[in-house]
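The exercises below concern charged pairs, nonpolar cores and strand pairing. Please work through each task with the sequence and the structure at hand before reading its solution.

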Amino acid sequence: MINDYIKCRLCPRKCGANRYESHGICGMSADVRIARVMLHQWEEPCISYKNGAGTIFFYGCGLRCVYCQNHRISSEPVRNISDTKNLGDVFLELQESGADNIELVTASHFLPDIIKALDSVKHRLEIPVVYNSGGYELTDSIRRLDGYIDVYIPDIKYFSPEISERYSSAPDYFEYASQSVAQMIKQTGNPQYNESGGLIKGVIIRHLVLPNCRHDSMKILGWIAENFTPEQFLLSLMSQYTPFDFIPDNLPELRRRITKMEYNSVLRYAQELGFQGFMQEKSSADKIYVPDF
Ligand code: SF4
């Protein structure tokens with residue numbers, strides 16, 4: 001069996017790091033690092049619908065956006081809280097505590113361990129498994145998750161290679177994100193819900209509107225409309241971009257929140273295209289979702 005961590009090519013960076021000896025661009029060695037485990041009340045209403053999503057935030061990220069909204073989690077110095085626990089046990093504890101699902105956040109760089117852990121507890125896991133991703137994924141990795149993941153929540157962050165290069169050093173972002181989202185939708189089929197309104201199968205495409213990027217946002221929506229029908233996915237259109245202090249000086253355009261006009265113009269376009277899903281209150285910097293638009 002191939003050991004993915006020896007010459008790691010688990011994400012589109014394909015940096016080839018031997019993660020037993022050092023770490024790759026994602027910042028992670030072969031040890032699974034968990035930053036936080038929580039019952040998360042503020043995901044989309046069909047993900048946090050009763051007691052909250054059983055969210056596991058993993059350390060590290062291969063994308064490393066300059067404005068990262070999860071900056072502290074993805075790039076803080078590593079604090080290993082998973083030393084004493086098996087990952088499968090973490091899943092079962094979340095289920096025991098009433099979690100609506102198991103939500104894996106930014107997990108692609110630990111894919112082999114995720115699959116191993118799910119294999120070890122699948123006969124005891126009764127809640128859906130949700131894979132929450134920045135969208136920068138290899139299609140092959142998503143194929144390997146077939147049969148393990150019930151719900152995908154991928155971002156599609158950028159359409160333009162210039163913008164994805166500028167903010168994430170990844171001119172190939174859309175190429176990978178578009179192919180992986182297509183694979184996710186193919187795998188799960190149309191959204192399905194349980195009797196409490198919880199999503200048990202399907203894909204929620206997330207998009208965070210960035211300052212000065214509404215035209216890029218609309219190109220993403222246009223691509224989605226050309227490739228999928230509104231019944232095949234849900235859209236989560238996010239407005240809570242927050243300009244943190246660490247934004248580099250050479251990116252002054254990222255030093256403000258988005259305007260109401262920017263968000264509403266993208267939202268209007270999503271509505272014109274007949275998309276179903278969720279929007280956020282523009283007045284709130286928090287992740288407060290309001291019901292269907
Ligand atoms: S997962 Fe990390 S180590 Fe592996 S290819 Fe991607 S950046 Fe490199």
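**Exercise 1.** Which side chain meets that of Arg144 in a salt bridge?

*Solution.* The model is a predicted one, in which local features need pLDDT of at least 70 and side-chain atom pairs count only at pLDDT 80 or more, while totals for chains, interfaces and linings use all residues. Residues are numbered from 1 along each chain as its sequence is written, and side-chain values use heavy atoms, with hydrogens and water left out.

Begin with the criterion: a salt bridge is a side-chain nitrogen of Lys or Arg within 4 Å of a carboxyl oxygen of Asp or Glu. The partner of Arg144 is Asp4, with a distance of 2.9 Å from N to O. Finally, consider accessibility, where buried means under 20% relative accessible area, exposed over 50%, and partly exposed in between (1.4 Å probe, protein chains only). Arg144 is partly exposed at 35%, whereas Asp4 is buried at 17%.

**Exercise 2.** Locate Arg206 and Glu43, and state whether each is buried or exposed.

*Solution.* The side chains of Arg206 and Glu43 meet in a salt bridge of 2.8 Å, N to O. Arg206 lies in strand S7 (residues 199–208) and Glu43 in the loop between S1 and strand S2 (53–58), so the pair ties together parts 163 residues apart in sequence. Arg206 counts as buried, at 5% relative accessibility, and Glu43 is likewise buried, at 5%. A network of salt bridges links Glu43, Glu44 and Arg206.

**Exercise 3.** Identify the residues that Phe91 touches within the model.

*Solution.* Take a contact as heavy atoms within 4.5 Å. Leaving aside residues up to four places away in sequence, Phe91 touches Ile56, Ile102, Leu104, Ala117, Leu118, Val121 and Leu125. Phe91 is also among the residues with the most contacts inside the largest nonpolar core, which has 61 residues (such a core is a set of buried Ala, Val, Leu, Ile, Met, Phe, Trp, Tyr and Cys residues joined through side-chain atoms within 4.5 Å). Helix H3 (residues 111–121) gives the most to this core, with six residues.

**Exercise 4.** In which sense do strands S8 and S9 pair?

*Solution.* Pairing requires that DSSP finds at least two bridges between the strands. S8 (residues 234–238) and S9 (residues 277–280) pair in the parallel sense over three bridges, and Leu235 has Gly277 in S9 as its bridge partner.

Note on methods
Helices (H or I, at least four residues) and strands (E, at least two) are DSSP runs, numbered from the N terminus.
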